[in-house]
Amino acid sequence: MNDYRVSSHFAAIPFRGKLNALTAATVIVALLLSCMGLIVLQYQNDKQATKRRHEQIASVISANIGAALVFGDRQAAQENIRSVARVSDVYSLRVYNNDGEKFVEYIKSAPDHKANHSENLINQPILIDGDRVGELRMAVHPQTIWDIVKETALTASILFVACLAIALLFSRWLGKTAIRPIDRLIDAMEEISKSGNFSVRVKAEPDPDFNIIIESFNRMLGEVENRNHQLSESALDLTHARDEAQQANLAKSQFLANMSHELRTPLNAIIGYTEVLKDELEAANMERSVDDVQWIYGSAKQLLGLINGILDLSKIEAGGMDLDMHEFEVGEILREVIAMLEPIAAQKNNSLHVQIDSSVSNAHTDSTKLRQCLLNLGSNACKFTEDGHVVITARAEGEKLIFTVSDTGIGMTQDQMDRLFQPFVQADASTTRRFGGTGLGLTISWRFAEMLQGSIDVDSNPGVGSTFTLSVISDLRAAGALVEADTLMAVDAGPRAERDGTKPLALIVDDEPSSLQLLTRMAEQAGYQVSMATDGESGLSVARRERPDLILLDIGMPKVDGWEVLDALEKESALRSIPTVVVTVDDDRRRALAAGASDHLVKPVNREELIDILKLYSDRQKGRVLVADDDPATAALYARGIAQIGYDVETVRNGTEAIKAITTGNFDFVVTDLKMPGGDGFQLVDAIGQLGLTKTPNIFVVTGLPLGSSDKARLDGKVVKLIPKNGLSPRKLAGDLNSAARDRAAIALSFVGAAI
């Protein structure tokens with residue numbers, strides 16, 4: 001590991017630094033080796049010279065001291081051996097006779113002895129006329145390598161520094177000379193990187209070795225320039241092809257959307273008139289004709305489902321499908337899906353099971369699209385399974401919600417699964433013949449899952465069954481939010497013009513004759529007088545002149561379309577209070593409600609729902625309603641919808657203001673949000689129960705928050721209804737109040753009857 005770190009650090013050093021470092025290191029090593037060699041050589045030479053010198057000294061002294069030893073003249077002998085006092089490397093000198101007795105000796109002082117690091121002993125016989133008379137023993141300390149180093153340290157250091165400086169200067173010059181071509185290559189590459197101009201070329205170098213590199217670099221630039229040109233041309237061709245494909249796809253999607261809208265118009269008449277004809281035939285007891293009409297009605301509804309699928313797919317591909325995000329309880333969505341799937345499962349004698357893990361709670365995403373995905377997957381599982389089981393499970397994993405839909409049906413091969421999510425594709429032709437369907441449900445579910453930042457996976461085996469796994473992000477608040485009304489809409493019922501007759505007046509604005517006649521017939525059956533207009537401009541003129549009780553408005557019309565009509569109605573205080581229900585093939589519900597519509601119905605309209613709307617606005621209601629909501633735009637939207645059926649409405653911003661208004665006024669209904677600053681809806685509900693009023697108002701809670709069991713228990717028995725805020729139209733809120741008013745009146749009549 002340490003070797004790897006050293007190697008990594010060295011690799012990170014620039015080339016110039018490496019060159020200087022290697023040059024300096026080479027010089028240092030060479031100088032050190034040279035110095036060491038010189039020191040060793042000098043040490044060997046000094047050692048041999050010192051040995052010869054010491055032997056000469058011993059030989060001279062032994063020759064001079066022989067007579068003194070024979071005659072026993074110690075003084076003469078002592079003077080003789082003291083002659084080595086000036087010889088620095090002789091430590092001691094002793095003279096012995098033949099009997100081994102010490103005759104004289106000379107020893108240097110103790111400090112000199114301590115300074116020595118080693119000693120050698122030289123024995124020299126003392127001879128007279130060839131006869132041995134004694135022995136001379138001389139102790140010497142030779143010079144060590146360390147002594148030589150100390151003697152030469154200063155000189156060696158000066159020479160070392162001088163040589164190193166010369167080496168560094170040489171390496172620097174060498175670096176400049178060797179690196180110059182590399183610097184030119186670097187400059188050229190930086191210029192190309194900044195400008196993107198691959199026509200730059202590097203000039204040739206005199207050095208043939210570097211010139212090979214430069215020529216190769218220039219050839220590479222030429223090749224890159226050529227390929228870049230080809231790539232640019234290919235990219236341009238691909239861009240044109242992509243744009244053409246996108247335009248073709250957009251044109252296809254727009255064509256499908258337009259065709260779907262156009263097909264909805266005659267279907268609206270077919271389904272509507274079929275319902276009317278069915279009622280008349282039933283009244284005439286023509287049962288066989290009723291069956292025939294029922295077949296027509298069923299086929300038209302099937303065709304409508306196909307058209308709606310094509311429209312959804314085209315809107316997704318054209319980028320016209322929006323997310324409607326809000327918080328909701330996932331378990332409630334699953335229960336709604338199960339309720340819709342139970343009849344489908346019963347048709348094939350299938351058992352339907354659901355398992356919701358405790359980790360699943362609330363989500364903040366588009367509940368409509370999630371519900372549609374689960375419904376499509378579940379209905380497919382029920383359709384392709386007979387006398388089997390369909391299991392739907394839900395669990396949470398981190399930020400994701402995981403749903404599985406498993407069945408014991410016919411299953412699929414790998415080839416069938418590979419093309420399963422393509423539009424208008426089922427497993428194979430035999431599957432289509434046997435089970436029917438268009439092959440759009442899974443495609444739309446796949447696209448919806450992508451919009452919810454999720455995916456759909458499938459695992460299947462022929463004859464065993466299939467398992468579809470839907471995963472979505474549980475919180476999509478970062479991707480967008482609900483479109484809220486951005487203008488404060490005032491509540492102004494305004495005076496109504498006097499008209500002859502006792503029937504309410506409905507203004508129907510539609511450029512399609514069949515739709516115009518059908519809506520007219522339904523309105524007349526509901527007890528309305530009817531005025532008609534075939535475009536927005538004439539519709540506004542009739543509205544200003546006749547002041548109708550209700551307007552049924554199409555969107556796609558010549559001259560002035562429905563959006564412009566809504567805008568004009570909103571701007572005129574005399575017309576703003578007229579309830580306007582949009583009846584159109586356009587399914588942009590949010591835009592219609594934000595523009596001031598009381599409700600939004602998509603053609604072909606549901607006959608029962610339209611009859612309910614007509615009945616709601618046919619009679620003027622009496623009473624007072626208090627709306628408590630901290631959002632002024634939402635409060636004004638609700639207040640106008642309630643005022644349009646005749647109620648007097650007052651709005652407040654929180655629970656504290658609501659309690660004050662209730663104590664000073666007599667209200668029949670209270671519509672409140674739950675989450676409000678300055679006194680929330682829970683506190684308001686509790687306070688109303690404690691006021692001890694002689695006439696307690698009916699309380700409606702409108703909230704966008706999913707409520708837990710404890711919250712529901714807190715409100716149980718104190719409120720008439722809990723209404724989800726998501727997708728709530730002013731008309732639906734007014735309808736709930738109207739139903740409560742009827743129930744209240746019925747209870748009052750029962751008490752009166754009992755008293756009588």
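Reply: Take contacts between residues at least 6 apart in sequence: in the protein chain, 69% of them join residues at least 24 apart. The model is predicted. Its protein chain has 756 residues, and 40% of them are buried. The secondary structure comes to 23 helices and 21 strands. The chain exposes about 40800 Å². Carbon and sulfur atoms supply 54% of that area.

Now the helix pair. Helix α9 covers residues 367–383, and helix α12 covers residues 441–451. The two pack at an angle of about 145°. Their axes lie 9 Å apart. The crossing of α9 past α12 is left-handed.

Next, the residues that meet. From α9 come K369, Q372, C373, N376, L377 and N380. From α12 come G441, L442, S445, F448, A449 and M451. To find the contact on screen, display these two sets together.

For a view of the surface, turn to helix α2. This helix spans residues 15–71, and V29 lies in it. V29 itself has a relative accessible area of 46%, so it counts as partly exposed. The cut-offs explain that label: buried means under 20%, and exposed means over 50%.

Note on methods. Residues numbered from 1 in each chain as written. Predicted model: local features only at pLDDT ≥ 70, side-chain atom pairs only at ≥ 80, totals over all residues. Heavy atoms only, no water. Helix = DSSP H or I, 4+ residues; strand = E, 2+ residues; numbered from the N terminus. Buried < 20%, exposed > 50% of the residue type's maximum accessible area, 1.4 Å probe, protein only. Axes fitted to C-alpha atoms, helices over the stretch in contact; angles between N-to-C directions. Left-handed = near helix turned anticlockwise from the far one by under 90°. Contact = heavy atoms within 4.5 Å. Areas by Shrake-Rupley, 256 points an atom, 1.4 Å probe, with all protein chains shown as cover.
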